[in-house]
Each structure stands twice: as C-alpha cells, then as structure tokens.
Amino acid sequence: MLLHLAWFSRYTGCWIGEWCGYVPSPQITPTLSPAQHAHALQDWQQSIACRITPDGAPFDTLESAWDGDQWEECPSGGAVCLDVTRFGWPVGDHQWSVWNDAHRSLDWGDYHQFLQIGMATLRIEANQSSHRPIRGTAQHRVFDITGLPIAKFHGRLFGQFVWNGGRWHFIPDGTHRALPHDAAPRELSAGDLEMALMTEIPVFERLLAPALDTKDLHA
Amino acid sequence: MRLDPSSIANAIWALVPIARRSVTASTVSDKTGYSLTAGSYVQRASSSQHGQATANPTTVSSVTTSRAHLSFSGGYYGQDSAYLSSSTAITGASATGIGYSLSEYF
C-alpha cells in the first residue's frame, strides 16, 4: 500500500523529512475493538517508520526529502512520524509546517512569497503567496523571495528583466524606461533576480508608496 | 497484571518486521519516538494559496485530488482591462487568471 510519512521534531516542531513509497499492508486482527485497532495500526506504522532513514529504506521508495541537519540533531525518540498520505501533497510540501507535540496538532507555517518569471519573455507573470512550495517549470520559473527586502512590495511587483551592459536590470511596469536587451550569456538565476530587483527598491518606494493612514490626515 | 491475548498478538506483529531485520540487514533508527496515523492528530481544516497574475498561465502548487477550489477575481492591471471572473475545481497544476485563490479542504 502507498504510504506518505512526514517526520517532525517533538521539541522544536520543525520539519525533519518525508518519505513516500509502497509498504506491506498491516495484518490486523479484525475482531479488535476500535481503540485496539488504532493502537495496532500505530504500532505497525512505527515499525515501518523506524526502518526509514535519509540513507534509505527497505521498501519500494517513490520519493523522499530530508533536512539532514535536523535529522542529525534529532535525539533518540525526538521525532514524531505522521501519516500524511491523505493530503495528497507532493513530497516536501510539508517542509514549512509546524508540529505542536503537546496538542498533537500540525499547522501550516507562515506564507512564503514567490515570483513567477516567464523565461521566454523575462517578465514577472505572477506574485504568489503560499505556505506550500510552488514549483515552476522550465518555461515559467518560480523564485522564493521570502525575507528579502523587496518582499515588502510583494503583490505589486511586475516588470521586465533585461540583460544590458554585462548585468541583469529590472524595469518595473509604469516607469516607461527603455533599455536595449543584449544577448544574455547565461540564464536568469535567483541571485541575478535578487540583485536586479534590489537595485530598483528606490523606484518601488516611489511607485508603490503605501497609502497614508487616515489618522495622519486628521493630525 | 493479566495480559490480553490480542495485545500479545499485536505486539508480536509489531516485532515481526524487526525480527526480519537480520534477514534484510536493514537499518533501524531510534529517532522516531512515536507514530500517528491519519485522524490521530489535528490539522487545519483548509489550506490556501493566493496570487496576482497577468493573463498568462500561472503555476500553482500541485494538488492531486478534486477537493481543491480555485477562484479568480477581476482586476485591472493598467495595460488592458481584460479580467476573468470564474471559479472552478482543479485537479491539475496550472491556472490562468488575474487574482486567484486556491483553497483545499480536508
């Protein structure tokens, strides 16, 4: 049977890793009471989980993702293994979720902010926020800008990336600035994107200045 | 304390994969303190994702069931007045629209 497991630290609540694959189905006595059945099922899952590590598993593995540092730092018995098969999310999508061991609850983490860039046009196509990773394609790449200084303008970042004079530039929509596009020697990387957008922060400040608080008008 | 035969059987079942360890030579880790099956822990009843997009295909997080609801909201982007206003459930991984909201319910 298909099983998707996710491990979290019982002490910090941080994500440790995920594994998805096929395991032997549990053989549980059907005459058990509901409480005994649940206990037996968890014992079975525990016996499966203990045999799965970042180094491998004796089962048919489809996909896995691990935070090596969190795994190494996890003490004996310091992790909880959750069955997340029911969500149907790709492996790795729980990486920003947070576990509360006292309440035995799993919650989504803070929203991350993304920009989607069309590789054919080099234009920002979308500003997105999600508490799950957004995966792009070769034609539409997605960059995570969470925590960057430009993130405060997220939701209104649209414009054109241009390779000119040996570096990437970003021309925000609404500036009516023209810049010839030289042939780019390499593809736009996350570092290129951050550098080009950071350069335009003064423009963003001017174009996207937040509206005045009404109490300021009455001061 | 008198032992329940069914609990003995379950304990033996739980030990079987470990007993096979000597045959498959698999590694057993002690990092997992306990495991919880679906329904044994609490999670938020819904998940959401939002976006502002130009009228181009937009990538959204993959969902593998039809329980997700994707809605669009009209907007004006300064270049043209085209906007979409529709809602649909999706099973794929892409959507087109201006403002969109993807919600999943568990």
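## Basis of the report

This is a predicted model, in which local features need pLDDT of at least 70 and side-chain atom pairs count only at pLDDT 80 or more, while totals for chains, interfaces and linings use all residues. Residues are numbered from 1 along each chain as its sequence is written, chains are lettered from A and ligands numbered from 1 in the order in which they are written, and side-chain values use heavy atoms, without hydrogens and water.

## Confidence

For the complex, the predictor gives an ipTM of 0.78 and a pTM of 0.76. The pLDDT is the predictor's confidence in each residue, from 0 to 100. Chain B has a mean pLDDT of 61, and 42% of its residues reach 70 or more. Within chain B, the lowest confidence falls in helix α2 (residues 21-24), with a mean of 39, and the highest in strand β1 (residues 32-36), at 94. Helices (H or I, at least four residues) and strands (E, at least two) are DSSP runs, numbered from the N terminus.

Residues 1-25 of chain B have a pLDDT below 50, and this stretch has 18 contacts in the model beyond near neighbours in sequence. A contact means heavy atoms within 4.5 Å. Over residues 75-92 of chain B the pLDDT also stays under 50, and the model has 40 contacts for them beyond four places in sequence. Where pLDDT is low, the predicted coordinates should not be read in detail.

## A hairpin in chain A

Strands β10 (residues 159-164) and β11 (residues 167-172) of chain A pair in the antiparallel sense over 6 bridges; two strands pair if DSSP finds at least two bridges between them. They form a hairpin with 2 residues between them, and A:G165 in the turn has a positive phi of about 65°. A:F161 stands opposite A:F170 in β11(A). In β10(A), 5 of the 6 residues are buried, that is, under 20% relative accessible area, with exposed over 50% and partly exposed in between (1.4 Å probe, protein chains only).

## A sheet across two chains

An open sheet of 3 strands runs in the order β5(A)-β6(A)-β2(B), with mixed pairing. Because β5 (98-100) of chain A and β2 (42-43) of chain B each have a single partner strand, one side of each is left without a neighbour in the sheet. Strand β6 (residues 105-107) of chain A pairs with β2(B) in the parallel sense over 2 bridges, and A:S105 stands opposite B:V42.

## Cysteines

The structure holds 0 disulfides over all chains, a disulfide being a pair of cysteine sulfur atoms within 2.5 Å. A:C14 is in no disulfide, and the nearest cysteine sulfur, that of A:C74, is 11 Å away. A:C14 counts as partly exposed at 33% relative accessibility, whereas A:C20 counts as buried at 12%.
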